[in-house]
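Thanks for asking me to look this over. My notes are below, point by point.

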Amino acid sequence: MPTRSTATRDATVASVRALAETAAPASAWRDLRVRLISAAVLAPVGIACLVDGGWLFAGVVLLAMALLGWEWAGLARVPPRSVACALLLLWPGLALLVGVSAGWLAGLRVLVCGLILGPLRGGGIVLIGLGGFALVWLRGVGDGAAGGVVPLLFVVLVVWASDSAAYLIGRALGGPKLAPRISPGKTRSGAVGGLLGAMVTGALVAGLASGATAVPGGLLFAGLLGIAAQAGDLAESALKRQCGFKDSGRLIPGHGGLLDRLDGLLVAGPLAALLSLNAGPLAPFWTLENARPRPLTMGAHHPGSGWLEHLEHFPRRLARE
């Protein structure tokens, strides 16, 4: 027969559990307000720079690359006042400048040379650099009044929708964890919600930009970019766990560091840039009927409107803006 003290203890434990279960939904949303405030401040600035394009946009990308390099140096435990830290900050941006001024292939060669610093430090240089290359490339693809606003906006909105839908649906529905050993907070419901959010957003943007016939392509390519964005998010979570950090930094309230916010874009952006290489000189990469696969050869002469010709002439298009 249980004693009075045992019964009291059991009742206390039951009360604590009930209180925890009641507070769990509220605590799951405790950072939503801060996230919304941060997004309300940063989103208009980012969209304005994206629409303006030219060297203003390139300058913002260069600044973001330097900040990402700083956070990566922290994850890799590189001493702040060291040559290695300076290289992580500057190398990706210098490679981008070489690409814009002397040709993208030259810039990519400079970027890949960063691997001499080792897999972790050099890998950070290449990943950050490819993300920056992709953003500036997508913004500059296509002549005309709108320039490359719509292709890059497609990528940015799809990644943003994937992140936001995964957060909201994952917190609302919960359920089995997606990868508990890598990121305990991510759920399978959130992953599915993020993918659906990306596809719906891609279909809307493609339909508004290119007409109803582009909706299937928007669904397909937005789905691919949504998967890439979630893969980038998981990869960054695995890196932070391996390095012993919860966040890459504290630059953005409610989000952590800049790398925490842009991890998906660093993977989805280069994928979109690769897709754009076969879309034709003026066609959006989600327009299936205009896709024209071209061999990615490295010869000295490339006639026609192949992808290397776009690489060669893009710096002049950027300068005209």
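**Notes on the model**

1. Helix H2 (residues 32-52) and helix H3 (residues 54-75) have axes that come within 7 Å and cross at roughly 135°. Axes here are lines fitted to C-alpha atoms, for helices over the stretch in contact, with angles from 0 to 180 degrees between N-to-C directions. Helices (H or I, at least four residues) and strands (E, at least two) are DSSP runs numbered from the N terminus. H2 and H3 are therefore oblique to each other (under 35 degrees is roughly parallel, over 145 roughly antiparallel, 65 to 115 roughly perpendicular, the rest oblique).

2. A word on the source: this is a predicted model, where local features need pLDDT of at least 70 and side-chain atom pairs pLDDT 80 or more, while totals for chains, interfaces and linings use all residues. Residues are numbered from 1 along each chain as its sequence is written, and side-chain values use heavy atoms, leaving out hydrogens and water.

3. Back to the helix pair: H2 and H3 cross at roughly 135°, and their contact (heavy atoms within 4.5 Å) involves Cys-49, Leu-50 and Asp-52 of H2 with Gly-54, Leu-56, Phe-57 and Val-60 of H3.

4. There are five salt bridges (a Lys or Arg side-chain nitrogen within 4 Å of an Asp or Glu carboxyl oxygen). One of them joins the side chains of Asp-233 and Lys-186, at 3.5 Å, N to O. This pair links distant parts of the chain, 47 residues apart: Asp-233 lies in helix H9 (residues 215-243) and Lys-186 in strand E2 (residues 183-187).

5. Finally, helix H4 (residues 83-102) is where you will find Leu-97.
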